[in-house]
Amino acid sequence: EILQNVREAIKSNPDIKIWNMSIGSKSTSKTDEFSDYGIELDAIQQQYGVLICKSCGNCENYKINAPVSRIAESADSIRSLVVGSIAQAKHEYDLAEINEPSPFSRIGPGPAFLVKPELVHYGGNVGIDGSGEPTQTPVLAFNATGELSEFVGTSFSTPRITSIAANIAHKLGDSFNPLLVKALLIHSAKYPQNIEMNYADKLKYMGFGMPSNANMILHNDQNEI
């Protein structure tokens with residue numbers, strides 16, 4: 001039903017080329033097989049020439065001090081730009097340091113050792129207080145009625161990447177090329193400073209890092225290489 005709604009929405013709005021999809025499965029992606037969900041998302045993007053920015057999924061294993069799960073089934077789409085979360089702040093009980101992967105953000109790799117998520121952005125921090133209850137350090141977002149509210153999750157880091165992608169596409173003009181937009185975002189991405197992780201773990205948890213803004217991605221200063 002979700003996939004049917006996605007297909008119908010994209011088909012009915014041919015002028016919209018970049019879509020945010022902050023919804024997915026709780027099931028974990030396999031290492032040696034692509035899910036039907038991911039395959040269908042790829043087919044939709046190929047047919048209509050669009051780019052879907054897809055959340056990598058959330059995991060609550062931090063509540064039981066267990067390792068974080070791999071990406072959700074829907075996040076194994078090859079053509080989608082899959083996004084994880086890093087922490088923008090750290091309060092008393094939070095588990096992640098600033099700019100480290102959020103404890104709830106699922107990790108890669110995807111099937112066939114694909115780098116998934118490819119990118120990250122700020123999506124909040126979580127922890128456990130002294131009485132064993134979960135705590136949150138959220139990010140600001142708009143709720144269903146358009147008011148500012150506080151949330152945590154990859155559902156809220158993903159729209160930040162979607163916004164940059166849309167800005168790039170707008171500034172480029174001409175005919176829309178989803179692979180070009182995706183490549184420019186990844187090419188500009190970098191890991192935050194002072195992240196003490198080896199490169200393999202950085203790829204698993206943060207993909208290629210966090211991209212710059214659209215202007216920095218597309219333009220250079222006169223004396224910059």
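This is a predicted model: local features need pLDDT of at least 70, side-chain atom pairs count only at pLDDT 80 or more; totals for chains, interfaces and linings use all residues.
Residues are numbered from 1 along each chain as its sequence is written, and side-chain values use heavy atoms, with hydrogens and water left out.

**Exercise 1.** Determine how the buried residues of helix H4 are arranged.

*Solution.* Helices (H or I, at least four residues) and strands (E, at least two) are DSSP runs, numbered from the N terminus. Buried means under 20% relative accessible area, exposed over 50%, and partly exposed in between (1.4 Å probe, protein chains only). In H4, residues 178-188, the buried residues are Val181, Lys182, Leu184, Leu185 and Ser188. Viewed down the axis of H4, these buried residues fall within an arc of 160 degrees (taken from the directions from the helix axis to the C-beta atoms), so they line one face of the helix. The face turned away from the buried side carries the exposed residues Leu179 and His187.

**Exercise 2.** Identify what the buried residues of H4 pack against.

*Solution.* Their partners include strand S1 (18-21), strand S2 (51-55), helix H3 (154-172) and helix H6 (214-218).

**Exercise 3.** Locate Glu133 and state its contacts.

*Solution.* Glu133 sits in the loop between strand S5 (125-128) and strand S6 (134-137). With a relative accessible area of 45%, Glu133 is partly exposed. Leaving aside neighbours within four places in sequence, Glu133 is in contact (heavy atoms within 4.5 Å) with Gly127 and Ile128.
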